[in-house]
Structures are given as structure tokens and as C-alpha cells.
Amino acid sequence: MYRVARCTALRPLYSFRGFSTVNAGENEVRPKPLSAMPMVKGWPVIGTMLEFVKNYDVAHELLLQRHKDLGPIFLEDTGGFKQIYMIDPAALEKLRLQEGKYPLRIGFPAWDEYNKDAGRADGLLTAQGEMWYRLRSVIDKPMMKLKTVESYGDQFSAVAADLLDRLAALRGPDGVVERIDVELFNWALESICTVLYERRMGCLSDNRSPTTTEFIEATHALGETTNKLIFFPPKFSKMFRRKDWKKFTESMDTVFRIAKENIDQKLQEIVDKPEDENAGFIQQLMAKGVLSPKEMYANVTHVMAGSVDTTTHTVQFLLYEVSRQPDIQGRLLEEVTRVVPPGVKPTSSHFRDMPYLKAVLKETLRQRCDEEHAQGRRCHGIPRPSRDNGQCADLCPWTTGILVR
């Protein structure tokens, strides 16, 4: 989903399969209105909401069938929340080129509603436009700079070693690890917490503290309920999906509470040892001096929540694809054992010498994007040029999301 702020931005959406119009005099493709886009006609007001309520567990299959029936680009109206689904790489490329410095992303309506009710600040997952850019720029160095990321190598290796030991212990006589998705989730949560809070949470331990168990369950429930509520307006969910909404808000409360406790603990450590030269994630955020306390708590918590789902899903898909293709698995094993011989502790420098591993990871992400909504944007007044003065009128309301599959 990508924000579109000029007339040319919408052209890709209407230039496929006969959905473009051409002004013969100007020899220019002109966009049609949103109503001309292929769509399944739903009920008045609620659109196709009931269809998604009924088929929530197989919503991905429903959307794929839509693409088969309607083409690479179609409109879905689930009642107050219009979404444009795209599956065409060429259209996506053109659309990406139109995105400006301050994207207006599709976001998570349920999270927005929760923030308003709970009086919390926006974080990376809910902020828009210039606010998002400000929050995003703060974490560039501690999260995106290659040298900084490589400095986390020892921490990640220690967590990965614990995961491998745990998988070996859980493997049954047939070699199968039951619910490996849960183990990968706990591994991803433990890994990101070592970066954010600079401490081990014990997510991979058999003897977890009650707080760690509560934290894991709440983080898992947060992702699960967010997915269940994402197709519906928050007001609808509060009235007709009360069980899911209650579980969602309770999990949010728990995640924020425990995250705040860990952040506060780290802040106190920074106060006690201000001369520490090895500034961690939270200390680097503080040094910027641009976040309010509420924004600090929100940003760190959102980074944690976003990291867990994306990492878990990516690794699951990678393991799935590699397991289906023994030749690729063999070549990958050869590269890893050659670069990191048995008994040698892997480091970030080893990863530089693994081009095939990088290629396998990139191909996994190309074929199986970890989250379709992660590539979402909202239309922001997709414009139509006026014949008189070149001013624009909205063709696509800002509440319309563009979802890239």
C-alpha cells in the first residue's frame, strides 16, 4: 500500500487490463474514478464485511480467488475501510516511485483506537507522515546502520545457540519438532529483547519467570488479535467482536506494562553509569533528545512487536522452502560449514562470506512476503487535474488502503 500524491501515481492502477482512458488531444493516460475499479459488490454500508467475518481463517484464499476473478488490481470494501489489492510487480514499481518523504501508511485501526482510549503516544506502527519520519529517523543508527547491527552479533549468536539446543531437546524419535512456530516466536522475541533492553528475558528457558511467561503469551495474543481485527472498523469490533477486542486490549496493556518496566530499569542503569561508552539502543534514543517519555515507550514497544512477527514468519518460510528443495539445502549446508567450521563460533563477519545464504533469504522474501500489510499505504487524495487551473480533486479517499501482495 503506497501513498499516492500526484495524478501520475494512480496511472499504474488503471493502466492494466483496459482500465485506462486516453485523451486523444493530449495523448495522455487519465485515471478513472475509484468506482471503475473491479470489485465484488457487497451490501450497503457494510460491503463485504460479513464474507470476511465468515471466512476469516481462510481470508488469504479468499483474496487470491479475488485476484483470479478480478485481475491483478481490485477494490475491496469491508465497510468503512476500502482497500486496493495489488499483485502486479510492474504496477508496484511505478507506484513506489511516487512515494514521497512522508508516507501515509495503512496502519492498524485497532491500534489507533487503543492508543486513543489508553492515552498512549503513537509509535512506528501507528504514526503517519512527518511524525512517522521523525520517529523512524531516531532509530536509524541503532537499528539500520550495518556496523551497529553487526555489533549485536554476539548477542544474537548466543540466543541462536540456545534455540538450537532447545530444538535438539524437543525433537521427537521421528526427528520432528512439534509447534516449531512457537519456538521460533520465542527465539525472535528473546533476540529483539537482547537489543532493546540489553538483557535476556528467558523466553527459551524451561524455567521461565511468571513475568516472562505473561510477556510471551501477551505478545503472541497481540499479534493474533491484531490479525483478527484488521479487516473491521474498531467501532464494529467493540460491539460485535467483544471477545477478540477484550483479548486485544488486555494483551496491549500487558505488553506495554512489561516493556515499560524493562525500559525504566535500563534508564535507571544509564543514570547509575552515565560514563558507559557502549551505548545501547535505549541510551542512543535518549541521546537524540527528540522523543517524549510516552514516545520512547511506544517506539520501543512497537519495534519489539514488529520485529517478532516479521522475523518469525520469514524464518518459517525459509525453512519450509529449503526443506522442499534438497539440492538448495545441500548447497546451503556446504557454504555454512565451509565458512563456519564445526566448533567455531559464528560472527557477523562470517555472514559477509555467505552469498548463497543471502540469496536464499532474499528469494524467500521475494516469493513469500512475511506480511502483506507491512507493505501498505493509504491513498492521500489521489488527484485529478482540473481543466481550468490544474488543481486536484480527490479520486481516492485517504481512508482507502493499497495492499501489495
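Helices here are DSSP runs of H or I with at least four residues, numbered from the N terminus, and the expected span of a helix is 1.5 Å times one less than its number of residues. You are looking at a predicted model, where local features need pLDDT of at least 70, side-chain atom pairs count only at pLDDT 80 or more, and totals for chains, interfaces and linings use all residues. Residues are numbered from 1 along each chain as its sequence is written, and side-chain values use heavy atoms, with hydrogens and water left out.

Start by selecting residues 153-170, which make up helix H9. Its 18 residues reach 26 Å from first C-alpha to last, close to the 26 Å expected. Now colour Gly153, Ser157, Val159, Leu163, Arg166 and Leu167, the buried residues of H9 (buried is under 20% relative accessible area, exposed over 50%, partly exposed in between, with a 1.4 Å probe and protein chains only). Show helix H8 (146-150) and helix H10 (180-196) too, as both are among what covers those buried residues.

Next come the aromatic rings. Rings of Phe, Tyr and Trp (its six-membered ring) pair if their centres lie within 6.5 Å; planes under 30 degrees apart are stacked, over 60 edge-to-face, the rest tilted. The count comes to 9 aromatic pairs. Pick Tyr102 and Tyr133: with centres 5.4 Å apart and planes at 90 degrees, the pair is edge-to-face. Tyr102 sits in the loop between helix H4 (89-97) and helix H5 (109-118), and Tyr133 in helix H6 (residues 129-138), so the pair ties together parts 31 residues apart in sequence.

Finally, move to helix H13 (residues 242-272), which holds Trp245 and Phe248. Both are buried.

Notes:
Helices (H or I, at least four residues) and strands (E, at least two) are DSSP runs, numbered from the N terminus. Contact means heavy atoms within 4.5 Å.
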